[in-house]
Amino acid sequence: MEDKELITKIQVLKEIKPSEDWVLSCRGKLAFRLEMGRKQDLLKKDTSTLKELFAFLGNTNRQPSFNLAYSLFIAALVVLGGGGATVWAAAQSLPGSPLYPVKLVMEKARVQMSLSAESRLQLQTQIADTRLQELEFVVNGQDSDALKVEKIFQVAEGMQDQLTIANDELPKVGDKAEPQKSLAVAKMVSDKASQASKAIIAAKESLSSDMKSDLTAKLSDAVKAAEKTGLAALEAMIMSQDISSTTKAEIAVKLQEEIKNTEEQVLVKEQKIAQANSFADKLPIRAVLINQFEQIHDLLDKAAESLNKGDFSGTLEMLKAAKAIDDGTDKVTENAVMPEVKGAASSTVDNLGK
Amino acid sequence: MAKITEQQFLEFYDKNVGKIYRYIYFRVGAQELAQDLTSEVFLKSWQRLNQEGAKIVDNPRAFFYQVARNLIVDFYRQKDKAPLSLEEIADRTIADRNDGPSETASVALDMQSVKKALMHLNEDYREIIIWRYLDELEIKEIAEILNKREGAVRTLLSRALADLKGILK
């Protein structure tokens, strides 16, 4: 027998493989253990976490013995990393708590362990609900504005992560699964993205004006992620096969809302430009901005026309183009309404041209 | 190779879990046990790669197989059992559960003859054939696992094939 023939016979044994279910399940558990291990290391090194837990010791007013027992319990869980109890404690934590980052990691691991894109997206929307509840809790809480800003930002960051992941998962939903299920999931994601965007903006509005400006820059990324995911979900809905007339009506309403929101955003910027003092050095930027705003209005008008004709795909394309230009005008608008900054005007105009 | 990141580690898992599992399966002969030990291999490997003062691993595959070998030895030592021979493994049904009855029989027959032949080989020859022709390890990787020179590994492999050929005749 030739060596080649013998090797071919041996290689029949390559048929022996582990089951796919076990491979995925094992991977999920491994990923979870790696994440938990990393977070435990971070918590162990973070002495301020333990200081916070034991802060009551420095308090001259005597705390009830329950507080001592509770804090010791939490510290023991954190440092020693006991399985189920740590998981439970982290799952109950709220923004601002030392265990809140652990909660976010655990949620991510749960999503990773899901076997299909649809179940991952469903989990993501449930987690998005949790974020919305946490945001409401923070906004309605009794904390100072400064503390609220930090907590709102923490929740918004978590939302941004989830929405970005949900956005990446959306194209996979329609690949093999039943179209109706895919459509339902896309609808859920679209609704959650819209709720997230409104909730973040509302949370910002609840703060005093000096705090609002601190939060605006931080939250803009989260709001953009929500808008991007919302559009991607809308696209997934439009691309679905055999959608009912009810769903078509829902899609039309969502598209109409998006057109209206974008119009309002542009109007706010136009008003800012109109109300700000006209510094001579800012004229070039303003001219470019005005031109871009006109382009956006034109695209939104075309989007509305397409929508009236029932061309959802065409409407979405116009809307995406309008939003892309609008995104580029945010920072430039802020710059255009600020007092003179030497050299900024010409460099900003140069950048717009690129 | 620089210290491995979590992402790289999981990518390594995706590419190599089947091979590690198969190697362990041929050594222990039971599916669930092979699954448990395979999970253990990856967990232990990660712990060792990330502990303080850990050396950089030049060849991750060789490293993982070394961990697997050690775990199998520990397992038998703890259980006070002799390793299963491939004769015992050969007697068990191995084909995929999802196969129909005719596919199961066909696959099992093909495998049976090779397994029985492998069974008659000594453990060193058996191991090296699994690594080279099933797991497709390079000669230098096998040399690293066995702590031998590459020339010695080639000689071992050549003798293993010759023996196997003789048995299958």
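Biologist: Which residue does B:R22 form a salt bridge with?
Modeller: B:R22 pairs with B:D135, and the closest N and O atoms are 3.2 Å apart. Keep in mind that this is a predicted model.

Biologist: Where do those two sit in the chain?
Modeller: B:R22 is in helix α1 of chain B, while B:D135 is in the loop between α6 and α7 (139–146). They are 113 residues apart, so the pair links distant parts of the chain.

Biologist: And are B:R22 and B:D135 buried or exposed?
Modeller: Both B:R22 and B:D135 are buried.

Biologist: What about B:E141, which side chain does it meet in a salt bridge?
Modeller: That would be B:R61, at 2.7 Å from N to O.

Biologist: Why does B:E141 count as buried?
Modeller: Because its relative accessibility is 6%, and the cut-off for buried is under 20%. B:R61 comes out at 16%, so it counts as buried as well.

Biologist: Let's step back. How many helices and strands are there in chain B?
Modeller: Eight helices and zero strands. Along the sequence the pattern reads α-α-α-α-α-α-α-α.

Biologist: How much of chain B do buried residues make up?
Modeller: Of the 169 residues in chain B, 47% are buried. On contacts, take the ones in chain B between residues at least 6 apart in sequence: 65% of those join residues at least 24 apart.

Biologist: Which residues in chain B lose the most area to chain A?
Modeller: B:E6, B:Y13 and B:K165, which together account for 19% of what that side buries.

Biologist: How many salt bridges does the rule find across the interface?
Modeller: Three across the interface of chain B and chain A. One of them is between B:E136 and A:K14, whose closest N and O atoms are 2.4 Å apart. There are also seven residue pairs in polar contact across the interface, both partners at pLDDT 80 or more.

Biologist: OK, aromatics now. How many aromatic pairs are there over all chains?
Modeller: The count comes to 14. One of them is B:Y21 with B:Y25, a stacked pair at 6.0 Å centre to centre, with 20 degrees between the planes.

Biologist: Where do B:Y21 and B:Y25 lie?
Modeller: Both are in helix α1 of chain B, four residues apart, which is about one turn of the helix. B:Y21 has 3% relative accessibility and counts as buried, and B:Y25 at 5% does too.

Biologist: Why is the B:F75 and B:Y76 pair edge-to-face?
Modeller: Because the planes of B:F75 and B:Y76 are at 65 degrees, with the ring centres 5.1 Å apart; over 60 degrees counts as edge-to-face. Both B:F75 and B:Y76 are buried.

Biologist: Which residues form the aromatic cluster?
Modeller: B:F9, B:F12, B:Y13, B:F42, B:W46, B:F63 and B:F64 form one cluster.

Biologist: Last topic, chain A. Which side chain does A:K254 meet in a salt bridge?
Modeller: A:D191, at 2.4 Å from N to O. A:K254 lies in helix α11 (residues 245–275) and A:D191 in helix α9 (residues 179–205), so the pair ties together parts that are 63 residues apart in sequence. A:K254 counts as buried at 15% relative accessibility, whereas A:D191 at 33% counts as partly exposed.

Biologist: Which residues in chain A are linked in a network of salt bridges?
Modeller: A:K103, A:E107, A:R131 and A:E134. Over all chains, the structure holds 22 salt bridges.

Methods
Residues numbered from 1 in each chain as written. Chains lettered and ligands numbered in written order. Predicted model: local features only at pLDDT ≥ 70, side-chain atom pairs only at ≥ 80, totals over all residues. Heavy atoms only, no water. Buried area = accessible area lost by both parts, 1.4 Å probe. Salt bridge = Lys/Arg side-chain N within 4 Å of Asp/Glu carboxyl O. Polar contact = N/O pair within 3.5 Å; in protein donor to acceptor, adjacent residues only side chain to side chain. Phe/Tyr/Trp six-rings, centres within 6.5 Å; stacked < 30°, edge-to-face > 60°. Buried < 20%, exposed > 50% of the residue type's maximum accessible area, 1.4 Å probe, protein only. Contact = heavy atoms within 4.5 Å.
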